[in-house]
Structures are given as structure tokens and as C-alpha cells.
Amino acid sequence: MYFENKHIAKAIGLRENSIRQWFSRSPGFEIGTVGSTGRTYSRREAVALLIAAEILRHRLAPPHVALPAAVAAATDGGREDLFAWIDARGALRLSPNRPTDAVAVGIPTASLLARLAA
């Protein structure tokens with residue numbers, strides 16, 4: 001199954017322009033396939049965009065940091081919830097395990113995927 005910007009935007013409650021803005025603020029970052037009808041994403045890429053949206057919503061990182069980190073953390077299933085935090089060196093971290101030495105934001109990937117499927 002493939003997804004378009006309109007599917008991602010609907011799942012996270014934003015306009016399609018917001019997603020396009022992330023890419024304009026992340027030069028050199030590539031995800032999805034550009035075709036005649038716009039950009040399309042695989043399930044894994046859609047999960048990555050949902051994770052990035054949560055990181056951006058909590059203002060943990062700008063798009064050029066959030067998008068690559070979300071792609072690295074995304075899995076095809078997207079069933080594991082993630083925790084996002086800024087470590088002592090100032091780097092964005094994502095893990096399915098809650099950190100003991102930092103305050104983390106939970107990213108409920110399963111419920112985000114349920115919204116994507118709706």
C-alpha cells in the first residue's frame with residue numbers, strides 16, 4: 001500500500017503544505033517517490049513521517065534533524081511505541097526504551113498508524 005501527502009496530513013491533522021514545507025527546510029533529504037500525481041510513500045516511509053510529525057509537534061528538533069532520525073527509527077510494522085529526547089550533548093535520540101537519565105516524549109506509533117489507516 002502506498003500513501004500520499006494527503007493521507008499523512010489527514011493522519012496528523014495538518015495541511016499538505018506543512019509536509020511540503022518540511023522538505024523545503026531539509027535540503028538534500030529525500031524520501032518517497034515523485035510521480036505525476038505528487039509524492040508517494042511506502043508504509044515504512046509513512047511511519048517515518050508520522051514519527052517526524054510528533055518530533056516536530058513537540059519542538060524537539062527542526063525538520064532537517066527530525067526527518068533523518070525518524071527514517072532511521074521507523075520500522076515497517078510501526079507497532080513499537082518510541083520515546084524521543086534530547087541527550088546531554090544536545091542530540092536527538094529515539095528509542096523504544098524510556099531513558100532513565102532524561103525526560104522523554106512518548107510517540108504512540110500504533111495509534112498514529114491507526115489514524116493513517118482510517
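Author: A quick definition to start: a nonpolar core here is a set of buried Ala, Val, Leu, Ile, Met, Phe, Trp, Tyr and Cys residues joined through side-chain atoms within 4.5 Å. Keep in mind that this is a predicted model. Its largest nonpolar core has 33 residues, and Ile8, Trp22, Phe23, Ile51 and Leu116 are the ones with the most contacts inside it. Two or more residues each come from helix 1 (5-12), helix 2 (16-24), helix 3, helix 4, strand 4 (82-86) and helix 5 (109-117). The top contributor is helix 3, which puts in 10 residues. As general background, nonpolar side chains tend to be buried together in soluble globular proteins.

Let's zoom in on Ile51. Skip its neighbours within four places in sequence, and Ile51 still touches Ala70, Ala74, Leu82, Leu94, Ile107 and Thr109.

Helix 3 (residues 43-57) turns up again at the largest pocket, where it supplies four residues, the largest share of the lining. That pocket has a volume of about 160 Å³. Its lining is made up of Ile12, Leu14, Trp22, Ala53, Glu54, Leu56, Arg57 and Arg115. Sorted by class, that's five nonpolar residues, three charged and no polar ones.

Now on to the loop between helix 3 and helix 4 (63-73), which is where you'll find Arg59. The phi of Arg59 is near 55 degrees, a positive value in a residue other than glycine. Arg59 counts as exposed because its relative accessibility is 76%, and the cut-off for exposed is over 50%.

Notes. Residues numbered from 1 in each chain as written. Predicted model: local features only at pLDDT ≥ 70, side-chain atom pairs only at ≥ 80, totals over all residues. Heavy atoms only, no water. 1 Å grid on protein atoms, 1.4 Å probe; cavity = no way out; pocket = protein on both sides within 12 Å on 5 of 7 lines; lining within 4 Å. Points joined across faces, edges and corners; volume = space filled by probe spheres on them. Nonpolar A, V, L, I, M, F, W, Y, C, P; charged D, E, K, R; others polar. Buried < 20%, exposed > 50% of the residue type's maximum accessible area, 1.4 Å probe, protein only. Contact = heavy atoms within 4.5 Å.
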